[in-house]
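Trainee: Could you show me how to read a protein model, step by step, beginning with the whole fold and ending with a single residue?

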Amino acid sequence: MNAPAENVSFTALFSDYKQRAGSYDEAFHDGQLRPHYKMLVGHLDTLGVDSLKARWERAQRQISNDGVTFSTRDAGDAATRPWRLDAIPALLTEQQWSGISAGLIQRARLYEMILADLFTHRTILSDGLLPPEALFANPSFCPAYQNLNNKEQRYLQLFAADMARAPDGQWWVTGDRTRAPFGLGYLLENRIVTSRNLPVPFRKCRVQRLAPFFKVLRESLRDLAPRSKDNPRIVLWTKGPKSQSYAEDAYLARYLGYTLAEGDDLAVRENRVMLKTLGGLLPVEVLLRRLDDDDCDPVELADASGSGVSGLVEVLRCGEVSVANSLGSRVVESPIFLPYIANICRQRFGQDLLIPTVPTWWCGERESRDYVLANLNELLVRPAFRTFDSPATLPGQLSAAARATLIAELHARPWAFVAQQPLGRSTVPVWSEGNLQPWSFALRGFVAEQNGEYVTLPSGLGRVASDPAALEQVMTAGELSQDVWVLSEKPVEDFTLLAPTKDNLALRRSGDDLPSRVADNLFWLGRNVERAEAQARLLRTALMRLTGEREDVPEMPVLLRALAERGQIEPDYVIEELNQNLPEIAEMLPSSAFDERPAFSLRASIHEAVRIASTVRDRVALDLWRIVTRIEETSRAPKGRKADAPEAIAMLDQLVTELVALSGLASESMTRTQAWRFLDLGRRIERATQTAILCRSTMAIPSPYESDVLEAVLVTIDSVMTYRSRYLASIQPAPVIDLVITDETNPRSIVYQLAMIGAHVDHLPRSTADGPRSMEQRFALALLNAVRLADPHELARVDQRQARTTLNKLLDRVVDILPKLADAISGKFLIHAGQQRHYAAGQDAPR
């Protein structure tokens with residue numbers, strides 16, 4: 001972004017702003033700033049261009065650090081990109097919003113009525129208000145939806161509509177969203193970031209608050225509960241990390257205070273939906289679903305669904321759980337409904353639509369098809385039935401061959417298409433390349449229902465694009481988003497979601513309601529974070545010796561052997577005669593710090609840790625997530641060149657600091673529930689394993705240069721200062737072995753990790769079938785006692801074969817039993833969360 005010249009005011013920038021001919025501009029009329037924008041521009045003048053630019057650069061970093069991303073489709077990391085927000089909000093007056101709000105509420109009522117009719121008596125079809133194809137040819141329809149809701153439950157707890165303003169100032173609806181409308185989480189992030197960066201304008205402009213809407217939504221979901229209506233267990237049901245909306249799902253779950261669960265976290269038992277947790281099965285009252293309708297139950301709906309809950313539809317029939325929005329609600333999202341909505345509203349409500357629908361023609365009717373074919377170049381064509389993205393086609397921009405193909409499709413399958421009249425969308429000022437430019441604007445408005453009453457969110461998800469055609473495509477199209485401020489004519493009252501309940505809540509401390517999948521992910525997050533720290537420390541030790549003052553580095557072969565055994569480098573580099581290969585080693589070692597191709601490398605461990613952390617976003621503190629994103633950024637390879645040793649050392653210094661900060665934050669900020677316990681269990685098992693591998697690689701066979709090797713071990717394990725405070729400069733095997741293996745006062749020692757593992761295992765949920773001690777307790781106790789009873793001097797003794805056989809046997813036992821301990825924990829607590837993971841001897845496959 002290029003900064004404008006100094007002392008340029010926003011008033012001057014707005015004076016140079018060029019309205020787009022033939023478009024309604026939200027900020028300007030006849031070249032003059034609209035009155036409701038004047039206060040904002042005045043405050044921006046006070047702030048200054050340079051100050052706003054600096055603030056906004058910080059805000060963009062905040063969005064990145066918070067991990068606010070979205071996927072253009074359900075495709076995982078490859079299609080994920082950061083959420084981008086414009087610096088300038090879009091403003092609407094209270095009067096303008098009043099008209100929009102009334103129109104949105106009318107549409108929500110209308111679609112509620114249509115769904116209730118289609119899935120019961122179907123008088124809309126019998127009265128000829130809607131073609132039968134709208135339901136029976138609709139791929140979103142399933143007979144199982146018929147009479148699925150009880151009479152009291154409504155179909156739509158949440159409704160949204162996409163809108164555009166035409167050149168004459170009239171708002172039009174371009175599409176309705178009735179399944180699980182996308183955008184509420186991103187809208188919240190837009191508001192948080194924008195209000196934080198423009199606090200004075202936000203207060204002075206009397207921007208209406210968002211929290212009252214979410215209070216209504218929470219109360220609506222609470223009222224759906226079949227039983228415990230005061231404090232029911234409500235689950236936000238997500239498709240998982242590869243879902244387009246996963247980041248938003250995690251954000252909303254945290255904001256609303258709901259458990260985030262995937263299909264594998266849920267099960268049907270005794271005709272109830274249950275949440276699978278470490279403490280057992282817990283009944284779920286309400287599911288706020290983010291899945292497609294047909295993905296919800298592989299028994300009665302889509303049998304190929306990997307995200308559904310088998311038997312859910314039958315539980316719904318029995319009234320033992322509620323789902324919002326109701327199954328089947330997606331049917332009316334299909335564009336085939338749009339041509340008929342206005343007439344249905346007149347016939348059933350006796351009203352015209354307050355916000356008209358963009359002119360739409362269903363090609364299944366001959367007259368409409370003829371009109372579409374005669375005016376094809378002036379229309380846009382899209383599927384009549386909503387698929388994932390329902391892309392629009394602009395026939396006027398097609399090649400002759402593509403246009404002929406489209407016409408052939410319209411003749412062959414006319415019922416499968418609708419055509420719409422493109423709108424000349426309104427424009428808003430967008431901060432781009434140091435200037436204000438008019439970009440096309442799209443607005444999504446939201447409505448929540450409670451006991452038959454409807455409330456609109458006094459804002460919306462604003463999308464802007466320099467090319468208006470981009471906004472005709474999928475919801476994630478558009479170059480930027482904008483916060484939308486609805487200005488109040490009266491002072492705005494502060495509001496919080498933290499309203500007290502009628503009855504006192506029972507105090508709880510157990511934390512056993514942790515879903516097993518979450519425990520599994522936290523366990524492996526701890527493993528990968530600790531593995532990354534161990535690799536970083538060993539790499540740093542090797543690189544610092546390689547670039548030190550000494551020309552001869554006799555301990556380097558031993559360090560390279562340790563790196564190879566940990567999987568950081570190829571074994572080919574482990575040779576005793578190092579001098580002739582020093583140039584090659586000096587080039588290879590810095591690059592290996594950034595190489596994620598080896599499965600057990602530093603970079604691969606970090607990549608896996610970041611991926612796993614993204615799956616438990618609702619369970620970790622925001623500060624912890626920010627450190628995770630910084631770790632990922634720090635460890636990235638330099639672009640277009642190889643890193644040298646000083647650069648790699650600087651990166652490793654920063655990385656170790658951030659990894660230690662992550663461990664410290666987890667240690668000091670996480671409540672001692674099972675979530676913390678499984679995270680720390682993963683860390684302790686991995687630290688013990690990595691330390692045992694390092695000690696076996698460096699001390700089991702004495703080196704001729706043992707003092708240098710032992711010092712390198714102490715530096716790597718972060719115990720050199722403790723050693724020197726005890727023994728000064730004299731480095732001997734027995735004291736080193738005692739400090740890093742058998743000293744329970746050293747938090748880096750193996751025995752310390754084993755003691756912590758034993759304490760964690762003792763606090764895991766127990767079964768009466770375990771007997772006096774469970775399998776995992778026996779493994780932990782056996783290892784702890786073996787190391788506690790070991791004599792450091794005996795471990796340091798070199799036998800006739802010039803080897804420390806006793807030490808080697810002990811470390812082999814540690815490396816052999818720790819995987820069995822991890823498998824025992826997984827088998828009992830984590831196995832139904834996914835495939836069980838196993839170690840190989842000395843190393844394990846990364847998760």
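Mentor: The protein holds 28 helices and 25 strands, where helices (H or I, at least four residues) and strands (E, at least two) are DSSP runs numbered from the N terminus. The model is predicted, so local features need pLDDT of at least 70 and side-chain atom pairs count only at pLDDT 80 or more, while totals for chains, interfaces and linings use all residues. Residues are numbered from 1 along each chain as its sequence is written, and side-chain values use heavy atoms, with hydrogens and water left out.

Trainee: What radius of gyration does the protein have, and why does it agree with a compact globule?

Mentor: The radius is taken over C-alpha atoms, and the globule rule is 2.2 Å times the number of residues to the power 0.38. For 847 residues a compact globule would come near 29 Å, and the protein has 31 Å, which agrees. Along the principal axes, its C-alpha atoms fill a box of roughly 100 × 70 × 60 Å.

Trainee: How many of the residues count as buried?

Mentor: Buried means under 20% relative accessible area, exposed over 50%, and partly exposed in between (1.4 Å probe, protein chains only). Of the 847 residues, 58% are buried.

Trainee: Is R272 buried or exposed?

Mentor: R272 counts as buried because its relative accessibility is 15%, and its place is in strand β11, residues 272-277.

Trainee: Which residues does R272 touch?

Mentor: Contact means heavy atoms within 4.5 Å. Leaving aside residues up to four places away in sequence, R272 touches R227, A267, P283, E285, V315 and E320. R272 and E320 are 48 residues apart along the chain, yet their C-alpha atoms are separated by 6.0 Å.
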